[in-house]
Amino acid sequence: MKRNLVIATVAAAALVTGGTFAAYASGDDDGAPAQRDSNTRVADDRDDSQDGTRDDDTAEARTAGVTAADAVTAALKHTPGTAVAVDLEDDGEDAWEVDVVTSDGTEYTVRIATGSGKVLGADRDDDDSDGRDDLAALKGTSVDAREAARAAAVRGTVTEVDLDDDGPAVWTVETTKGEWKVDPRTAELTQDRDDTDTADDRTQDDKDAQDDRDDRDDRDDRQADDD
């Protein structure tokens, strides 16, 4: 009688154990694909986020075989004069646009292919007054747009060079790491104050947001104590 009782107990334990194992195995089969799907979605979202935040000019500049300084050289070879601006365009043509003012004040926009450095074309600006103003602003200076681009290249890949003639002339250069000023007489490089102010504003905004979160946490703690 006791022997029969022992056998029945062992059989029951085996049945329970087997059922538990089967349920665990079934859970693995159902759970693993869900985990993989979740990981896949997270990876896809991360890739989409990176693609969405990527700056077009930055991506184009980093893959271009022709630098801003190279584009100025090619443009001046095609249209002799003084380069007063360089801008990377990503509107489908993948070209640098170099504004060149000739000695008589006529301004042309010369397009240079970012991959080959070939001239894609040149258009004349109907308004020559800006060109003459630029030449007047650069009178007595020694640092041209090409040298300004080279000076700022140590601070990132250059995507734009422009002459700021509001007050004393200065080259404004945008790179993949920020905006910079280049002195047209000494080639001295300094960070654009407006760009610095923007960074300071972002820092202050972050601090304000943290203060708001701290205030909410304090209110929640007081509410919990009251309860």
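In the predicted model, an open sheet is built from 8 strands in the order E4-E3-E2-E1-E5-E6-E7-E8, and the pairing within this sheet is antiparallel. Its edges are formed by strand E4 (119–124) and strand E8 (189–191), each of which pairs on one side only. On average, and with direction ignored, neighbouring strands are turned by 25 degrees against each other.

Within the sheet, strand E1 (residues 82–89) pairs with strand E5 (residues 158–164) in the antiparallel sense over 3 bridges, and Ala-85 has Asp-162 of E5 as its bridge partner. Helix H4 (residues 129–138) packs on the sheet, where it touches E1, strand E2 (95–101), strand E3 (107–113), E5 and strand E6 (170–175), and the direction of the helix makes about 115 degrees with that of E1. A further helix, H3 (residues 68–78), contains the buried residues Ala-68, Ala-69, Ala-71, Val-72, Ala-74, Ala-75 and Leu-76; what covers these residues includes E1, E2, E3, E4 and E5, together with helix H5 (145–152).

Strand E7 (residues 178–182) has Gly-178, Trp-180 and Val-182 on a covered face, whereas Glu-179 and Lys-181 lie on an uncovered one. Strand E7 is also joined to E8 by 3 bridges in an antiparallel arrangement, in which Val-182 stands opposite Leu-189. The hairpin formed by E7 and E8 has 6 residues between the strands, and Ala-187 in the turn has a positive phi of about 70 degrees.

How values were computed. Residues are numbered from 1 along each chain as its sequence is written. This is a predicted model: local features need pLDDT of at least 70, side-chain atom pairs count only at pLDDT 80 or more; totals for chains, interfaces and linings use all residues. Side-chain values use heavy atoms; hydrogens and water are left out. Two strands pair if DSSP finds at least two bridges between them. Helices (H or I, at least four residues) and strands (E, at least two) are DSSP runs, numbered from the N terminus. Axes are lines fitted to C-alpha atoms, for helices over the stretch in contact, and angles run from 0 to 180 degrees between N-to-C directions. Contact means heavy atoms within 4.5 Å. Buried means under 20% relative accessible area, exposed over 50%, partly exposed in between (1.4 Å probe, protein chains only).
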